[in-house]
Amino acid sequence: MIRRGLDRLLGRGEGRADSRTVYVGHGAWSPAQPFTPPRYCDNRIVSSKYTLWNFLPKNLFEQFRRIANFYFLIIFLVQVIVDTPTSPVTSGLPLFFVITVTAIKQGFEDWLRHKADNEVNKYPVTVLDGGRSTRKESEKIRVGDVVEVLEDETFPCDLVLLQSSRDDGTCYVTTASLDGESNHKTHYTVPDIETDLLLLNATLECEQPQPDLYKFVGRMYIRREGQEPAVRSLGPENLLLKGATLKNTSKISGVAVYTGMETKMALNYQGKSQKRSVVEKSINCFLVVYLCILLSKALVCTTLKYVWQRQPGQDEPWYNQKTQKEKDTDLYLKMFTDFLSFMVLFNFIIPVSMYVTVEMQKFLGSSFITWDRDFYDPQIQEGALVNTSDLNEELGQVEHVFTDKTGTLTQNNMEFIECCIDGFQYKYGNCASELDGFCVEDGPVNKLQRKAGREREELFLRALCLCHTVQVKEPGPGLGPVDQVDAARAVEERGFIASSPDEVALVKGAMRFGFSFLGLDCMKMKIQNRNKEIEEYDLLHVLNFDPVRRRMSVIVKSEAGETLLFCKGADVSIFPRVREEEVMRIRTHVERNATEGYRTLCVAYKKLSTEAFAQADASLREARLALQDREEKLLNIYDQLETGMNLIGATAVEDRLQEEATVTMEALQNAGMKVWVLTGDKMETAKSTCYACRLFQRRTELLELTVRTLEAGGQKCEGRLHELLLDYHRRAVQDAPPAKGGVSRSWSSAVQDYGFIIDGATLSLLLKPPSSRYTSLFLEICQNCAAVLCCRMAPLQKAQIVRLVKNTKGSPITLSVGDGANDVSMILEAHVGIGIKGNEGRQAVRNSDYAVPKLKHLRKLLLGHGHLYYVRIAQLVQYFFYKNLCFILPQFLYQFFCGYSQQPLYDAAYLMMYNICFTSMPILAYSLFEQHICIEILMDNAILYREVARNASLRWGPFLHWTALGIYQGLLFFFGVHCLFRNPALQDNGQVYGNWSFGTIVFTVMVFTVTLKLALDTRHWTWINHLVIWGSLAFYVFFSFFWGGIIWPFLKQQRLYFVFANLLSSVSAWLVIILLILLSLLPEVLLVVLRKPRASHIQQLKMRSSARKHRDFLSNTGVI
Amino acid sequence: MKSQQAANRPDNTAFTQQRLPAWQPMLSAHFVIPGFLLIGMAFIGIGVALYITSQNIQVLEKDYTGTGQYTACSECADMQTIPCICNVTFSLTTLFTGPVFLYYGLSNYYQNYRKYQVSRDDVQLWGDVTKSPGDACAPYQYIDNKPIAPCGSIANSMFNDTFSLYQIINGTMKLVPLDGKGIAWWTDYNIKFRNPSAQGSLQDAFNGTMKPVNWSKPAYELNPSDMNDNGFLNQDFLVWMRTAALPDFQKLYRRITSGDYALGLPPGDYVLQIEYNYAVKDFGRKKVVFSNVTWMGGKNEFLGVAYIVVGSLCLVMSVVMLVVYAKYKFADENA
């Protein structure tokens, strides 16, 4: 511990420095200088929370930090210290049970983590140490060690790649366990390193650890005898991350730079914030109410006690003398202990077992989502994934849906549709007569079958083949070298890997037109042209894609010696960088494609003179070596390079809608949810997708707030923004008839529909301080629109929008759906984050709360599961409070008849068992299996979702209803039995009953009433419900006989001995039990019967038969 | 391929797919209205039976506190002479049907006061007088360091008025035999309470213990006429130890089951001779109650009335529902 604390101290000291220096192989910088290795944390991964020693105190501390547990601990302590009516066991045992169960669960989870940690930490690795390679445990790796890793092994820490067994100094890794992307990524060795690592004398300077997986900046100084140290830049392509796996490479060596908890993987596993559901907030609210009830009850009783005692003869009658100690106690102290005693007596009103039951319900309930076969997708062979079970009920409360477009609404399965070269449209169609399958449809200029010059065509196709970062999949080990003729086919069979599917679509598109990309080998790109000749290009630089520039470029050198820059990117990012007249020819094409819902990219090129290239090359290298602001510097150079280009053409790639996207969106809108589409795509494409999935309909009036509309007015942007906002607000909010709670616009077609469009630039303008007062205007407009489209959004802006909506008045529940890394921020921000298991990697899935394979599954997840979970948990919570209220109310009333002496009405065993055994199982079964309306109907009638909207079942209205019911029943239980006991001779032999018989009758009536009340509410009786409901009652009867049938040696008083059995021998007791149960349930029965007839019920009656038929059909045909 | 698919694919069982066969009852008017009708009629039937039964129970109450409006035993109320014997006279015009039960009743007497209620030691009462009595018995735990048996407030405050009933026939007083057997719960007498066992008499068994402060006689001499009715197994003691639920209560004292009075108390004049020992006038009252019992126990009109009211309520509800349904719902359901 001390050592670690010291480390942390040192680490903090070192944290002030911007960079760390690593001595490769611990070699001293110079023999003269004394070498003091800096201390970094060791390579131990500690994901576990506890050790064997601190488990008990730490776990207990954490558990008692929960307010409910703490409350029960206090009650328990009061019972131990003060002389209270019930023994400490009554509250200690349930608390102990709850704490133990939780501790066992957490301990088990931690044990699993320990096991996993050990597996990683004890994994043997090979370390080159002073010329020998030694095996040591992974946790003993220090920063600066040179580590060897073999194929298919995972890297034990973050390494800078020094040497690879591959000739070209590369190695392949997959980061499947980090971000889920299963493609092979290429990493490069640091250039110019000795082949013998033992001779290497180098230091490495790199930034301090930071969690961004894709960022790494460093420099390496390689020292040779008698020379100035050589400097090499290091980037993310040199860094091998812990957790990634080496592929296709037999062996690599690397130097450890970040170890243990400082690796990027470890840094990334921290700080996922906890989401809390609205139901939990409601529970806390109700808890406060009940605490107040508890306090006031105790206060009333204490006050009345002392008022009552002042009457003559009441305080100390001769038959009830006080002990000397009691007489000596100070009056105020006595009052205080009396108050505490009443608190203890009534403390059962706060349901101790509710938290356990709620947690159990959530945990078990979420399995139903995982188990649902409707969520199973045969293509990826996976079902739904539940990352948190805390939010099940939130799925039934969603009011705003934020969806990503690409990969979520659309399939992200790109297909090359057409291209346009110099203004001529080319489409890969069925006109196979063309020699090369490349046929012109109709040019924009004339109707003649004209084509652009062959040279331009080929230039365009070469650009498509060269300007990308696609990799060809490695051949399997069985395949020999391929001959040249079949190279293209072989490549196609092997397939391509890329980080973005557009690129693959483009490369494949080019291949269909005769130009095939054969692969990248030793920085040489090979392509096969139409004449089946292989062309080779030296890949000089890749100017990577980034969302700010929205384009990428490559600089290549052809065999002829020409240096070319190819650039492809979004139209807005390319058009300003090419000549105006070229743009004119292509713009109409691009815009038409965009409205058809295609993704368009423009392709441009530029010839670089030798001098220009040399200058660019130098500045690029310099920028890449920079330790600070490297990104910024690179961007500047990219910007300078990508100017003055020639536009060649544009491509159109189709992204098809997801299955049932339209139906799903319609269902969500009918369910009363507002759908917002947040996309990084351009407006036209996004708009067309919105039309395609019916978010916008023909009669929808679009309110546009984009850069285009802002610039149209010709005024200053901000002034125009305000003007437009006010105008839209008038149209959509003020003129619109006030929307009534239940009826929506989409129901009645008479009302005008509005759709709102905003883009990223305008949004940031809107959110900037001077305009920020207009955000409420903006939100009001959006509230009244059927759908909102936000295009050109940066990932952070998506989260910003979600936060904006989340924090509006009434804090509506938001849900974000997305599939890509760019959606992670909004998934984390929203109340509920849903990941789609698409093909854009697994980051969204990992950060989501729930993940489903397809968008269409959202419908069942929300309308089916969500609705049911909400109803279940709402009933669970309300029922718990209700049953404890009518449990404790008779006890409270009894105080008025026992001289306020804190005499418990029920026996201690009953007090203890009521919540744990007698009444807990039926409600748990209800909260797991109830389907008040069956799932099919819920899914078919999205409108039903509105019935539970806005936390309908947990608002004050229903809460008061339940509370009133509890009070009514509590009063009835007590006074009913009280009336009976005016003459306690209830048996035919004239014998009388005492106080424990009184309590037991009340308790029996209560257990039956409370259980039958739940039975009345149960609409879906599976055999489990039958078992637990009737089983609980049977258990109660059995237990009462058993408990009263034996003289228990450990009890001080045999209070209940034969009380229950004796009770049942009295006809009057039977009659009063039946009467009171019936009378307490009468209002409930009446309510159920007389409730406003609901359309759903009638439908259900009709539907049920057809659903059953359908099910029978399924089972008969052998599907099941 | 297939096995892999099977491994990932969720099981298709009725349980996991939430398709367990289920009974989905709908509380519809079609059987709620007839149900209410039936329940209502049944309840009214039971209620009427209960009411009539209760009406037929004869009850005779005599307050003998001696203060206030009731003057019986006023001579003893100030507790100057002990024992003080007083008489309460009453006459019956009709036969008081037997078996007649004699109860004593106390009011505003908190037997359910918590401190009082726990002031007993069930281990001691189970026959273990050698062990020191529990702390709950304080302040009636020890006298001169000798344990009190039975200890505690409940035992100490045992009701000790005694009653004897005489019928006046031609001026002579004829003793009505009172039966003190079977007035306590069978399980209390046979299992829950035990006398301490020792060689020799019961008195030896109580050797080394003290009698409760308020008792005039030790436990083993409670009933000199019946040796089996002494110690912790004295029936009056057992009845007293079963603490009452409410501050106004009555406890069974004797039954009149034998001799000429087995069929009841014939009409005539009676004298109840009371040995007045028990002081209640500071806080409440005491009374003596003659009553006969039926299958439903003692007289209690509440049950009968409640059943009739709830039964009628059900009937009214079923009519209301019928009207409501005839007007609105049946039309909906047929549509």
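## Close-up views of chains A and B

**View 1. The chain A–chain B interface at a glance.** About 8800 Å² is buried between chain B and chain A, with 59% of it on carbon and sulfur atoms. Keep in mind that this is a predicted model. On the contact list, 90 residues of chain B meet 102 residues of chain A. If you want three side chains to look at on chain B, pick Gln18(B), Arg114(B) and Trp185(B): they supply 10% of the area that chain B buries against chain A, more than any other three residues.

View 2. Glu326(A) forms a salt bridge with Lys115(B), and their closest N and O atoms sit 3.0 Å apart. Polar contacts between chain B and chain A come to 32 residue pairs, both partners being at pLDDT 80 or more.

**View 3. Which pieces of chain B touch chain A.** Several helices and strands of chain B each put at least two residues into the side that touches chain A, among them helix H1 (2–8), helix H2 (29–56), strand E4 (100–107) and helix H6 (186–192). Helix H9 (301–334) of chain B is on that list too, and H9(B) gives the most to this side, with 13 residues.

**View 4. The nonpolar cores.** The largest nonpolar core has 194 residues, and Trp240(B) and Leu265(B) have the most contacts inside it. Its largest share comes from chain A, though: helix H28 (residues 857–894) brings 18 residues. A second, separate core of 53 residues includes Val386(A), Val398(A), Leu668(A) and Cys690(A).

**View 5. Zooming in on Leu265(B).** What does Leu265(B) touch, once neighbours within four places in sequence are left aside? Its contacts include the aromatic residues Phe96(B), Tyr270(B) and Phe290(B). Also in contact with Leu265(B) are Leu92(B), Thr94(B), Leu95(B), Val100(B), Leu165(B), Val176(B) and Ile256(B).

**View 6. The annotated binding site in chain A.** An unreviewed UniProt entry places the feature "binding site" at Asp404(A), Thr406(A), Asp819(A) and Asp823(A). These positions span 420 residues in sequence, yet no two of their C-alpha atoms are more than 10.3 Å apart, so they gather at one spot. Thr406(A) sits in helix H11 (residues 405–409) of chain A and is buried, with a relative accessible area of 11%. Asp819(A) is in the loop between strand E32 (814–818) and helix H26 (824–829) of chain A; with 0% relative accessibility, Asp819(A) is buried as well.

Terms used: Residues numbered from 1 in each chain as written. Chains lettered and ligands numbered in written order. Predicted model: local features only at pLDDT ≥ 70, side-chain atom pairs only at ≥ 80, totals over all residues. Heavy atoms only, no water. Core = buried A, V, L, I, M, F, W, Y, C linked by side-chain atoms within 4.5 Å. Buried < 20%, exposed > 50% of the residue type's maximum accessible area, 1.4 Å probe, protein only. Helix = DSSP H or I, 4+ residues; strand = E, 2+ residues; numbered from the N terminus. Contact = heavy atoms within 4.5 Å. UniProt positions renumbered as here; feature names shortened; annotations may be inferred. Buried area = accessible area lost by both parts, 1.4 Å probe. Salt bridge = Lys/Arg side-chain N within 4 Å of Asp/Glu carboxyl O. Polar contact = N/O pair within 3.5 Å; in protein donor to acceptor, adjacent residues only side chain to side chain.
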